Amino acid sequence: MSITDADMDFRTPELDALASRVIPAQHFLLRTEDARDSYFTDTSKLDAKQLAHDRFRTNPLALHDHLVHALDLRGTEELLDLGCGNGEILARIRPHLAAGHLVGFDIAPAVLNAARQRLEGVATPCDFVEGSADDLSAFATDSFDRGMAVYMAHYVTGLQACFAEVRRVLRPGGRFVLATDRPASMIEMWNVHFAALRDMDAPQHLFRATPKARISLDNGAEQLAPHFAAVERVDWQDQLQFGKAETFMAFYRSCNYCCAGSKPGEGLPPAFFTELEHRVHARVQAAIETTGYFALTKYTGHFICS
Ligand SMILES: C[S@@+](CC[C@H](N)C(=O)[O-])C[C@H]1O[C@@H](n2cnc3c(N)ncnc32)[C@H](O)[C@@H]1O
């Protein structure tokens, strides 16, 4: 029997109702500068996030399995990874491109350096280039067979310029895969987070939702359509199941407390986060005592553009 995620459907009417109740109209809007100067000045949060998504998943297929499928590789392609981060995904995909060429591209020097180190010594040629995804002038026209942007496009301020650049550097017949998720993804985390904020009578500006206003699975197709002849949306689901509140808390921290802790020094003292952690932990612990685990339902996927 082949492993498939075709039957992984965690969506329920209760979760849909929760999403419509819990997700506010206003979203956090992240910027390229936030990525470079705040979130990815070291790899610790990205490392912790990737670990949790992989360790606590219940979908037998991992993110890179879905990407390998979407990229439709022969093994010899030249691949550009926009916002490659610490190179975790590039390293997983590399065996499928052993006779190809990988280029990791990122705005944040610390994570880019980690990617370089991670792929150090592999025989597949790899290059790492620092820059912003809306300016790919470092690359000649028609220089890649494949491009991918994995959970990074919501940071890119000039998204239309980015897609035009991707089209330019892709060879005719090339393919671009953009991975993102729906704003309702991991609604259970936003639910406990907002409940704790309400209990604390927290400042109103924190009651904003996921950082997926700029681009998500819900609004990505129309943004990509002007640049590609064909855009196909592929949805898949997963459910992270945390058996211990402490391990969930590490994940919650790596998500910058659902963006509440994104900008250190914006007026929220450390005591605020201590209390927030305490309250979120109590809710997650209660769920674990009732259900055996705390679930985060992921509505994720990608666009395949050609
Ligand atoms: C959430 S991480 C994802 C990393 C990797 N793609 C993954 O899925 O593991 C987002 C990455 O995008 C990078 N990034 C954000 N804005 C960027 C931009 N304008 N150009 C290039 N990279 C950018 C960040 O530095 C960070 O490494």
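1. Let's start at Asn-86, which sits in the loop between strand S1 (78–82) and helix H5 (88–93). Helices here are DSSP runs of H or I with at least four residues, strands are runs of E with at least two, and both are numbered from the N terminus. Asn-86 has 0% relative accessibility, so it counts as buried. The cut-offs are under 20% relative accessible area for buried, over 50% for exposed and partly exposed in between, with a 1.4 Å probe and protein chains only.

2. A word on what you're looking at: this is a predicted model, where local features need pLDDT of at least 70, side-chain atom pairs count only at pLDDT 80 or more, and totals for chains, interfaces and linings use all residues. Numbering runs from 1 along each chain as its sequence is written, and side-chain values use heavy atoms, with hydrogens and water left out.

3. Leu-119 is another loop residue, found between helix H6 (109–118) and strand S3 (126–130). With a relative accessible area of 4%, Leu-119 is buried. Not counting residues up to four places away in sequence, Leu-119 touches Gly-87, Leu-90, Ala-91, Arg-94, Leu-102, Cys-126 and Phe-128. Leu-159 is elsewhere: it is 40 residues from Leu-119 along the chain, and their C-alpha atoms are separated by 28 Å.

4. A polar atom of the Gln-237 side chain lies 2.5 Å from the backbone nitrogen of Phe-10. Beyond residues up to four places away in sequence, Gln-237 touches Met-8, Asp-9, Phe-10, Arg-11, Asn-59, Lys-298 and Tyr-299.

5. Helix H10 (residues 245–254) has Ala-245, Phe-248, Met-249, Phe-251, Tyr-252 and Ser-254 as its buried residues. Their cover includes helix H3 (44–55), helix H8 (187–199), strand S6 (231–242), H11 and strand S7 (294–305). Have a look just after H10, too: Asn-256 takes a positive phi of about 55 degrees there.

6. Phe-273 belongs to helix H11 (residues 270–291). Relative accessibility is 14% for Phe-273, so this residue counts as buried. Leaving out neighbours within four places in sequence, Phe-273 is in contact with Tyr-257, Ala-260, Gly-261 and Leu-268. Of these, Gly-261 is twelve residues from Phe-273 in sequence, and the C-alpha to C-alpha distance is 7.9 Å.

7. Now the whole protein chain, which has eleven helices and seven strands. Its radius of gyration is 19 Å, close to the 19 Å that the globule rule gives for 306 residues, so the chain is as compact as a globular protein of that length. That radius is taken over C-alpha atoms, and the rule is 2.2 Å times the number of residues to the power 0.38. Along the principal axes, the C-alpha trace spans about 55 × 50 × 40 Å.

8. Among contacts in the chain with a separation of 6 or more, 83% come from residues 24 or more positions apart.

Technical notes
Contact = heavy atoms within 4.5 Å. Polar contact = N/O pair within 3.5 Å; in protein donor to acceptor, adjacent residues only side chain to side chain.
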